[in-house]
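Please open the model in a viewer and keep the selection tool at hand.

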Amino acid sequence: MYEFLDDFLFSYQSLIYALGINGLLALSMYVVLAIGQLSLGQAAFMGLGAYTSALLTLKLGAPFPLVLLASMAVPAVAALIIGAPTLRLSGVYLALATIGLGEVLRIAFVNSELTGGALGLSGIPEKAGYTLIFSCLALALIAFVLVSRSRIGRAMEAMREDEIAAGMLGVHLPRYRMSALVASAMLAGLAGALNAHVSSFISPNDYGFDAAVTILSYALLGGIGSPFGPVVGAIILTLLPEVLRPLHDFRLVFNGLIIVIAVLFMPHGLVPWRIRRTGARA
Amino acid sequence: MNGAILALENLTVRFGGLAAVDGVSFHVEPQTVHGLIGPNGAGKTTAFNLISGLGHQNDGHILFNGETIDDWPSWERAQRGLARTFQNIRTFGEMTVMENVLAGMHAHVGGGLGATLLRLPSFRAAESAAIGKARDILGFVGLADASARRAGNLPYGDQRRLEIARALASDPKLMLVDEPAAGMNPSETASLIDLLLRLKARGVTLLLVEHDMHFIMNLCDHITVLNFGRKIAEGTPVEVRSDPSVIEAYLGTKVAERLEAGARVR
């Protein structure tokens, strides 16, 4: 039995890591969608976290806990800087501005010698593991559930439903928008650092527009009624290509088809239920 | 004037060449129901938007409790005690009735991120106090039994009440109420008048936009009349009702002349 488990974990190690990391990325997307904003900068923040952590580990040999903290702090600072001008935008304009951020960073990574150019950085020691990755995911989920059942969570949902009405109730809209973007950047940065320290290799193309859209699709498939939705979406979209492997060449066709059907017939996502809030009891 | 809770001074806003609100000044005395009336397009809702911070005037000032609030964003006005309801109802449809009212208390419920995450006693105390207060407010507007229902599923009249409850939850000194009786039947309107009078008795000052004249005349202590963005009359309901410029604005010049002629013959 243990042998089987060992074999299983060995064969599917990178897939299982990906489940946890993509779950974190899905939560990073969730936190901005939860207040009704559409930001596509998550991949860029992930890249920033990944490069920060890899450079600190490789060049400075910094202790891992410190590396993880830095991988959240650097994207957070970046979010504060780009948030100031871009959060005045909303809807597709914010999405476009944050796509721009992703492209700027990608080109910077490609052209900088420090970051190894287009080849990226390799030989990153494997310092993260199952325990760390899934503890981070669990902690993040618990934090989101706790926040959603509070004044802050109610303000976030109010903003998502009607920002003008939320503002008229005293919700400090700019502060909430900025906090959501910073929290999103920190989660994405952490996911990037964890990913860098299990896959040993990172390159600029991992954090481009494709990645940004993939992260968005986790949240859209799972639904944003509760933080569990995006995580479920991430798990399904990460597993699907593996589960569909027997279909060989038709794999991507079915992958796409399943997503289209899910979005068409379940517009609120696969997990439409909301968390029962404090005070919802009659 | 000095004790006014709200004062508009020469308020003007232009959309391109159109002055939607044009040099309007009036003030609202505390603990009164003040009506803002006028034909369609008179600038009533625009004035409401300026007062609540959803638009910005080109000229003039708004004073709230003696303070100039021209540069305050809407959430700051709300935090300081200015609440409003909307002409097209804007309750949070996906949230429960209770959650809507709790959201209304946003500015007054304690609990930072740390206390929330750690579920500190201060957080729990603040939440349960808020829930208790929300129950009181729901009872006050007559929605006590609906507290667990999805707000979007409530009948129209109840959604209006919920919007008022949500605004009341923010502990306002002044509540702007935009066409509360629109689309209501006579019995709903009557109970709404009763609710607004009880609000006044609670110490909330009301500034009311409404087309239902019966409603306005029954409720208001003082009325300001706008037409084409300008103030054309103000006074008590009786004064305003007999003001020729008001009759003209509502009924047109010819009717006003005929009424005057009729009065002379009699």
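What follows is a tour of a predicted model, taken one selection at a time.

**Stop 1: chain A as a whole.** Read from the N terminus, the order of elements is α-α-α-α-α-β-α-α-α-α-β-α-α-α. The radius of gyration of chain A is 19 Å, close to the 19 Å that the globule rule gives for 282 residues, so chain A is as compact as a globular protein of that length. Taking the contacts in chain A between residues at least 6 apart in sequence, 79% link residues at least 24 apart.

**Stop 2: two helices of chain A.** Select residues 13–33 of chain A, which form helix α2, and residues 209–222 of chain A, which form helix α10. How do their axes cross? They come within 8 Å of each other and cross at roughly 75°. An angle of 65 to 115 degrees counts as roughly perpendicular, and α2(A) and α10(A) are therefore roughly perpendicular to each other. Now show the side chains at the contact. From α2(A), the residues are Asn22(A), Leu25(A), Ala26(A), Met29(A), Tyr30(A) and Leu33(A). From α10(A), they are Ile215(A), Leu216(A), Tyr218(A), Ala219(A) and Gly222(A). Coloured by class, this contact shows 9 nonpolar, 2 polar and no charged residues.

**Stop 3: where chain A touches chain B.** Display both chains and select the residues in contact between them. Chain A contributes 27 residues and chain B contributes 33 residues. On the chain A side, the elements giving two or more residues are α6 (130–148), α7 (151–161) and α8 (163–167) of chain A. Which of the elements gives the most to this side? It is α7(A), with 7 residues. By class, the side of chain A that touches chain B holds 14 nonpolar, 6 polar and 7 charged residues.

**Stop 4: the helix α1 of chain B.** Select residues 44–52 of chain B, which make up helix α1. This helix is mostly covered, with 8 of its 9 residues buried. The buried residues are Lys44(B), Thr46(B), Ala47(B), Phe48(B), Asn49(B), Leu50(B), Ile51(B) and Ser52(B).

Conventions:
Residues numbered from 1 in each chain as written. Chains lettered and ligands numbered in written order. Predicted model: local features only at pLDDT ≥ 70, side-chain atom pairs only at ≥ 80, totals over all residues. Contact = placed C-beta atoms within 7 Å. Helix = DSSP H or I, 4+ residues; strand = E, 2+ residues; numbered from the N terminus. Nonpolar A, V, L, I, M, F, W, Y, C, P; charged D, E, K, R; others polar. Buried ≥ 20, exposed ≤ 12 C-beta atoms within 10 Å, placed from the backbone. Rg over C-alpha atoms; globule rule 2.2 N^0.38 Å. Axes fitted to C-alpha atoms, helices over the stretch in contact; angles between N-to-C directions. Parallel < 35°, antiparallel > 145°, perpendicular 65-115°, else oblique.
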